[in-house]
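The entries follow the order in which I checked things.

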Amino acid sequence: MVVNRNIFLIGFMGCGKSTIARLLSEQTGAKLIEMDETIEAEAGMSINQMFEQYGEKHFRDLESQLVSRIAEEGGAVVSCGGGAILRAENVAEMRKNGIVVYLSETPETIYQRVRYSTNRPLLNGNMNVEYITSLMEQRLPRYMAAADVTVVVDDKEKMEIVKEVCTQFVDKR
């Protein structure tokens, strides 16, 4: 499969965006862009440090700048940060030159995946299913509005998800 448009993977933290993006990149030969890692590398600090030192708005500004740069290019598989869809301009940029795929998963599964993580500033001090559910419910309308395609990832093998995303990408081109 030739990827001539970007594939933006969106979804809540811990839903598997990074893993699926890496596998999609391997399958298609498309460039892989891991937004959070790119922002950390360019800023020379971790996201936790950015939140502590400059606040969430600063991080979201850097995220928006990166989305704009990516949208100008084509043919990349992009693992977006969980909150990249919080700004309408980011969604508009993603849709301008790509397909937006929402990876949907239950709060319980998310909790199981991230419960020992310390690099998720919005969950630090709130690492429980109730808080995750609340935050997911707040973001769900934005994920749904941004998505061209929704792929439910609960209880699916990784390659099954990759195949489904590839099929949707071909159908939505």
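I began with the largest nonpolar core, which has 51 residues, and I noted that Ile 10 and Leu 103 are those with the most contacts inside it. A nonpolar core here is a set of buried Ala, Val, Leu, Ile, Met, Phe, Trp, Tyr and Cys residues joined through side-chain atoms within 4.5 Å, and buried means under 20% relative accessible area, exposed over 50%, partly exposed in between, with a 1.4 Å probe and protein chains only. In soluble globular proteins, nonpolar side chains tend to be buried together.

I must keep in mind that this is a predicted model, in which local features need pLDDT of at least 70 and side-chain atom pairs count only at pLDDT 80 or more, while totals for chains, interfaces and linings use all residues. Residues are numbered from 1 along each chain as its sequence is written, and side-chain values use heavy atoms, with hydrogens and water left out.

Next I listed what Leu 103 touches, leaving out residues up to four places away in sequence: among them are Leu 9, Ile 10, Cys 15, Ile 20, Val 151 and Val 165. Contact means heavy atoms within 4.5 Å.

I then read the elements, and found eight helices and five strands in the protein. These are DSSP runs numbered from the N terminus, helices being H or I with at least four residues and strands E with at least two.

In what order do the five strands lie in the sheet? They form an open sheet in the order S2-S3-S1-S4-S5, with parallel pairing, where two strands pair if DSSP finds at least two bridges between them. The edge strands are S2 (31-34) and S5 (149-152), each of which pairs on one side only. S1 (residues 6-10) and S4 (residues 98-104) pair over five bridges, and Phe 8 stands opposite Val 100 in S4.

I stayed with strand S1, where Asn 6 has its place. Is Asn 6 buried or exposed? Asn 6 is buried, because its relative accessible area is 0%. Its side chain reaches the backbone oxygen of Glu 73 at 3.0 Å.

My last look was at helix H4 (residues 56-72), whose 17 residues reach 25 Å from first C-alpha to last, close to the 24 Å expected; that expected span is 1.5 Å times one less than the number of residues. The buried residues of H4 include Phe 59, Leu 66, Val 67 and Ile 70, but also Arg 60 and Glu 63.

Methods
A polar contact is a pair of N or O atoms within 3.5 Å; within protein, one must be able to donate a hydrogen and the other to accept it, and residues adjacent in sequence count only if both atoms are side-chain atoms.
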